[in-house]
Structures are given as structure tokens and as C-alpha cells.
Amino acid sequence: MTLLNAMQAHDYEQVIALNNNASGLRGFIVIHDTTRGPALGGIRVRPYASDVEALEDGLRLARAMSYKAAIADLPCGGGKAVVIEHPEWDRASAMRTLGRFIESLRGRFQTGRDLGLTEEDVRLLREETRYIGCEGAESDEYTALGVIEGMRACVEHLMGRGSSGQPFAGLTVAVQGVGNVGWAIARRLHEAGARLIVADVDERRARAAERAFGARIVAPEEIYEAPADVFCPCALGGVLTEWTIALLRARIVAGSANTVLADEALGWTLRERGILYAPDFVINAGALIHGANLYLKGKWENEAEVRRIYDRVREILTLAERERVPTNVVAQRLAESRLRASKTYRDLFWGEAAGASGCCA
Ligand code: NAD
């Protein structure tokens, strides 16, 4: 990969490489597109094996944020910060340095929590920048609500369960990762009468789901072939590969994880196997919808807007069926058409922020 070629391929605006020897901060801020408004996206902290791996993750995730915002018709674009966790760093000092970098962008990039960012990190970042927001548990609930609505759209599309009023009753859902969002989804599904199979690398979380929801536990590597109607990925991205898709027994894939497909072309493989896929950036937009409305418009109550994910997923499923193409292809085309349309009347490089802000991914 050469960086500029990768940027050109998907029209990235800017990539900022971050380095600070004093604190050990290493990472990137990727701003994919600000034609609809400031780039929103969380901070991901991981022990990436290399800076290239971190950069590739940042590029993928930032673009997904732009698509998420465009599909949900929000006044913002997509960005992401990826930070390399390593033994030699002074984490607190690195977070403060990152906060100052973000502040220097004056609202062009507005951020929040993503995987690996702790409450203490957020506290330190907040001392250095206005541009971090995100109410943790509230965002997780909005994401979970959106995933449930998107999953319902898939179930009704495939199984025609709408008329019963209880689309999840008697269904089995395999949840990969019962962390913040996975837990909230599992709880809602349990309340709606679904049976659950769960896997988590943190065994305590899986055991807690067993106690709370009567979930059956399987080993993390066995979750793909679990006998379920729906596979709900809520851990990391890139989990669907040729290999894991071949193992899937579920007929629907609908979960919260970002960039679920290891390669976008795998949408075709899912389609060939007759598996209905709710595109990640459509179904997991709940927190972004809430965050963008809250921080950019001052709108506190966003449940009805998040529930509209149901209509978007249904529209995408219908179009994909009619055109005989994968659902992720349809969703990406819709998102890109909105970005391109925006570019005809909005300037690039969104400037000074309207106010303190931020949002989860
Ligand atoms: P989290 O860290 O709270 O939960 C992730 C869970 O997955 C953890 O319990 C972890 O132990 C488990 N896990 C990790 N690797 C696993 C594996 N290989 N197999 C099984 N379990 C594994 O994170 P979260 O906030 O719940 O987010 C979950 C996913 O949803 C992430 O991909 C995130 O990017 C995405 N997402 C989250 C939000 C949000 O509002 N939090 C919004 C959009 C997308």
C-alpha cells in the first residue's frame, strides 16, 4: 500500500501521523470526508503489530464512519483515531498529547470512545480538548437499539414474521462478544423471546450472560458454526472471511461490529451462500445518530430516529434482491452517492466547530 494511492482509491481528505517521543504516543488521525460536516469518529487503542496495521484499520474505520453518517443523513462526516498501545509508553501522558493534537484541529475531527479507550483515558483527553463527547452506556443502548431494528428487518424480510408482532420469539441468535453493546443486544433479544448462544474471550462475561439470559456458551472459535438463525458479531471487525463464512449456519448476519467483512468482496460470498447481511455501517449507526444529533443539533431524544434503521435496512435488502447484488454493495453505493452529491455544494475542509462535541463510533 502506498498511502496516497490508498487515499485516492476512496477519496480520503487527510491522514495525520502522530508521534511524540516524550510520551510514546504513536498513531493516526484519519479524516475521510468532511463535506457533510465535521468528521466524527472514536479513538481506538490497540496493541497493533505495526504502524501499517494501525493505519489500515484507521482508513477502513474512518470511511465506514462517513458512510454511516451519509446513510443516516447526518450533518457530519467520518474520521477515526487509532493509537498504538505498547509497553514503553506513558499512557496518561500520551492521552494528554493526543487530546492537544485533537484540539489543534479546532473541531474538524470530533471524537469519543471506541475499543480500548478507558474511562481514565477519556477523563485525561477531556482536560485537553473540547472535542470529545459520548455518554458511554447511553451510546451503547442506542447502538443496540439500532442493531435490533436492523436485525428485525432481516428476520421479517427472510421469514415474514412481521404479522406475529413477535419477530424474535423462538429464534436463536449467536452473539459474538457480550461486551457493552453485545450485552445490551442480548438483553433485548432475551426480553423479546429469543434463545441465545454466546462466546466471549473473557469467560466471565460469557458466564454472566449464561446467568442473566440463560444463554448457552460456546468457545470463541465455535461461534460461527453454532446452530443459530442469526449471527450477531459484536466483538472485533474483520471476523467474516472465506473460512468463517463457510462455517456459518445462520441465515442472517446482523451485529454491531464495525467492518465485519475482512474484505468487501465477501459480500458476494455471503450472497452466494444465501446469507442475508445487514451492512455494518447501516445497522450500527445508533450511537452516531444520537451523538451527532445531541452535539451538533442539541437534540436529546433520538430513539425514533434510531428506529428508522429498520426502514433503511429493509430498503437496502429490497434493492439488493431486485438488482441481484450484495447488500453491502447497495449500501456503499447509496452512501457514496450522498457524499458525491454533497461535494457539489459544500466546501472541503470543515472549519471551526459549532461547539464542544464528540461522538462514539
Ligand atoms: P466491548 O469492548 O465492550 O465488547 C467487546 C467484547 O468482545 C468484549 O467482551 C471482548 O471480551 C469480546 N471479544 C473480543 N474478541 C473476541 C473474540 N475473538 N471472540 C469473542 N469475543 C471477543 O466493545 P463494544 O463497545 O461493546 O463494541 C463492540 C463492537 O461494536 C466493536 O466492534 C465496536 O467497534 C462496535 N461498535 C460499538 C458502538 C458503541 O456504541 N459502543 C457503536 C458502533 C459500533
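**Figure 1. Contacts of D200 in the predicted model.** D200 touches G177, V178, G179, R205, A206 and P220, leaving aside residues up to four places away in sequence. This is a predicted model. D200 sits in the loop between β8 (195–199) and α7 (203–213).

Figure 2. The side chain of D200 reaches the backbone nitrogen of V178 at 2.8 Å. A polar atom of that side chain also lies 2.7 Å from the backbone nitrogen of D202.

**Figure 3. A buried charge without a salt bridge.** D200 is buried, yet it has no salt bridge. Which side chain of opposite charge is nearest to D200? That is R205, 4.9 Å away.

**Figure 4. Helix α11, end to end.** Helix α11 covers residues 286–297. At 1.5 Å a residue, its twelve residues should span 16 Å. The end C-alpha atoms are 16 Å apart, which agrees. Just after α11, G298 takes a positive phi of about 70°.

Figure 5. Nine of the twelve residues of α11 are buried, so the helix is largely enclosed by the rest of the structure. The buried residues are G286, A287, L288, I289, H290, G291, A292, N293 and L294.

**Figure 6. The chain around these close-ups.** The chain has 14 helices and twelve strands. Of its 361 residues, 58% count as buried. The C-alpha trace spans about 55 × 45 × 40 Å along its principal axes. A compact globule with 361 residues would have a radius of gyration near 21 Å; the chain has 19 Å, which agrees.

Key
Residues are numbered from 1 along each chain as its sequence is written. This is a predicted model: local features need pLDDT of at least 70, side-chain atom pairs count only at pLDDT 80 or more; totals for chains, interfaces and linings use all residues. Side-chain values use heavy atoms; hydrogens and water are left out. Helices (H or I, at least four residues) and strands (E, at least two) are DSSP runs, numbered from the N terminus. The expected span of a helix is 1.5 Å times one less than its number of residues. Buried means under 20% relative accessible area, exposed over 50%, partly exposed in between (1.4 Å probe, protein chains only). Lys and Arg count as positive and Asp and Glu as negative; His and the chain ends are not counted. A salt bridge is a side-chain nitrogen of Lys or Arg within 4 Å of a carboxyl oxygen of Asp or Glu. A polar contact is a pair of N or O atoms within 3.5 Å; within protein, one must be able to donate a hydrogen and the other to accept it, and residues adjacent in sequence count only if both atoms are side-chain atoms. Contact means heavy atoms within 4.5 Å. The radius of gyration is taken over C-alpha atoms; the globule rule is 2.2 Å times the number of residues to the power 0.38.
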